[in-house]
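Let's take a look at how two protein chains sit against each other.

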Amino acid sequence: MTRVAAVAGEIALRDVTVAYDRHPAVHHVSGRFAPGSLTAILGPNGAGKSTLLKAIVGQLPVSAGSIERGPLRQRDIAFLPQQSSLDRSFPISVLELVLLGHWQRAGAFGRIGKQGVEAARAALSAVGLEGFEQRPLGTLSIGQAQRALFARVLVQDARVILLDEPFNALDARTIADLLALLRRWHAEKRTVIAVLHDFEMVRQHFPDAVYLARRLIAWGKIDDVLTPENQLAARQMAESWDEDAALCLPHEHPSSDHGHHHHGHDHDHTHAA
Amino acid sequence: MTAVADFLFGPFAEFAFMRRALVACCALALGSAPIGVVLMLRRMSLFGEAMSHAILPGAAVGFLIAGFSLPAISIGGVIAGLVVALLAGAATRATDQREDASFAAFYLIALALGVTLISTRGSAVDVMQILFGSVLAVDDPALLLLGAVASLTLLIFAIIYRPLLADGFDPEFLRSVQRGGGTLYHFIFLGLVVVNLVAAFQALGSLMAVGLMMLPALAARYWCRSLVSGMLVAVLIAMLSAYCGLLLSYHADLPSGPSVVLLGGAAYVLSLVFGRHGLVLLWHRGRHLEA
């Protein structure tokens, strides 16, 4: 892969390593998310999927390499983290939760206005929560809460949407409804990246996939990624945290993403088509 | 009838110091009670307690330099409180420890330092006054200070309301849409807590300073679902506790600060038992609905 400037709207990873306490959680990963692509990030627990998303949003610093977002700014990226991060007992109504989606335009002090409220109501009905506007968040089921969070993403109206395990603990009907939203975003040419575990669902709905096991196992068309060999390679990922791990020296992996001993795979499919 | 009116309003009609005490407590209630509500929402209910001890060494230094002077003690207290808040916050962020752990360490150091400082020079009377306050000795400058603190608190609170609550509700979301997330607002809020505690310190003393901040807020939680109504009810409960507490202290000849806080405690216990989300309704909820 040669170093080309990021095309407008794409997100390019160049030899990205993200480390906690110097131990890499994402190790020398390169590739690009094309504008308008719909990509699943797959991999076992501890493979660095959430870490990679957080690095793309800019919440975690990269230890080596770079993430190029081109002209995309923070307001162009919507990020839905795993469910645990929000306080569901907080005395806030469903409508207020969804109105938070205007933050990137209204900010901490700006006016939201009638149109903004209308957009939030429309988003609520798009996720099947009409009539829930004034309900306290604490009275919602897990599935309804996740629908409300999707409504917030809708209101954010971002060009890039990152979802971290968005379908955990949801029933089939909720998943089907939310998947329909994902397809709608894809049709609207937004870039959608989702961390997922259900291979069958990914095979049916996601054109592209990234397979991570701390290092990159494969990146490309879903059928090229979800092969038995790749799954075997992912399973062999050591989840260990070696306190005495040796330094990962720069000469082992020159700035191109070839040559590192971890990268035993064909790098042609690091290009998402 | 006049006997009742005399009982309820006589002390305030007759004595200027009672009126001052009441106004002082109402000013405190206006600023402190909404802050208490937010502290509770952010799971920092014990933080106020820690901070009220943390301001002690600063107040002690002010006391040692200038005697029992309001400006010296207040400025010292604010400085000490902010230093402890910043040190604990910095220690938390720099070493990846939990915030409550850092605060526990720093407030204990501050408390020991404060008591040591006072005991080197002060008499038992001074110590009592600092520990228990003197709401009946509130003079004009003190009243002005309390009024200014309440006004400033409400103003700043109104300005940072949205980001402060968004940060408490979903910090990760705020970090994803705004560079730096809610850290700035968090520290502004901590500053407000310190300033309000110093104001309360004058009237209620260091041991009781948190009383009017937390008890009404905790009581209001049993009556209100929404945040705004919770804050209003907390302010009302705080003012009512102040009024009844002062009456109690006058008629029963009890120290005023503890009486006010005790009445706040009574409001909490009543809410716990009889509130809309309280114990009585929990036990006698009636038959469930159809849907």
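Start with one pair of side chains: A:Asp87 and B:Arg43 meet in a salt bridge, 3.0 Å from N to O. Keep in mind that this is a predicted model. Between chain A and chain B the count is 3 salt bridges, and there are also 8 residue pairs in polar contact, both at pLDDT 80 or more.

Which elements of chain A give two or more residues to the side that touches chain B? They are α1 (49-57), α3 (103-106) and α5 (142-156) of chain A. Of these, α3(A) gives the most, with 3 residues.

Here's what that side of chain A looks like by class:

| Class on the side of chain A that touches chain B | Count |
|---|---|
| nonpolar | 16 residues |
| polar | 9 residues |

Now for the whole interface. In it, 28 residues of chain A are in contact with 23 residues of chain B. The two chains bury about 2400 Å² between them, 58% of it on carbon and sulfur atoms. On the chain A side, A:Gln74, A:Phe90 and A:Trp103 lose the most area to chain B, together 30% of what that side buries.

Next, over to chain B and its helix α10, residues 183-204. This helix has 22 residues and reaches 31 Å from its first C-alpha to its last, close to the 32 Å expected at 1.5 Å a residue. Is α10(B) buried or exposed? Well, 17 of its 22 residues are buried, so α10(B) is largely enclosed by the rest of the structure.

Key
Residues numbered from 1 in each chain as written. Chains lettered and ligands numbered in written order. Predicted model: local features only at pLDDT ≥ 70, side-chain atom pairs only at ≥ 80, totals over all residues. Heavy atoms only, no water. Contact = heavy atoms within 4.5 Å. Buried area = accessible area lost by both parts, 1.4 Å probe. Salt bridge = Lys/Arg side-chain N within 4 Å of Asp/Glu carboxyl O. Polar contact = N/O pair within 3.5 Å; in protein donor to acceptor, adjacent residues only side chain to side chain. Helix = DSSP H or I, 4+ residues; strand = E, 2+ residues; numbered from the N terminus. Nonpolar A, V, L, I, M, F, W, Y, C, P; charged D, E, K, R; others polar. Expected span 1.5 Å × (residues − 1). Buried < 20%, exposed > 50% of the residue type's maximum accessible area, 1.4 Å probe, protein only.
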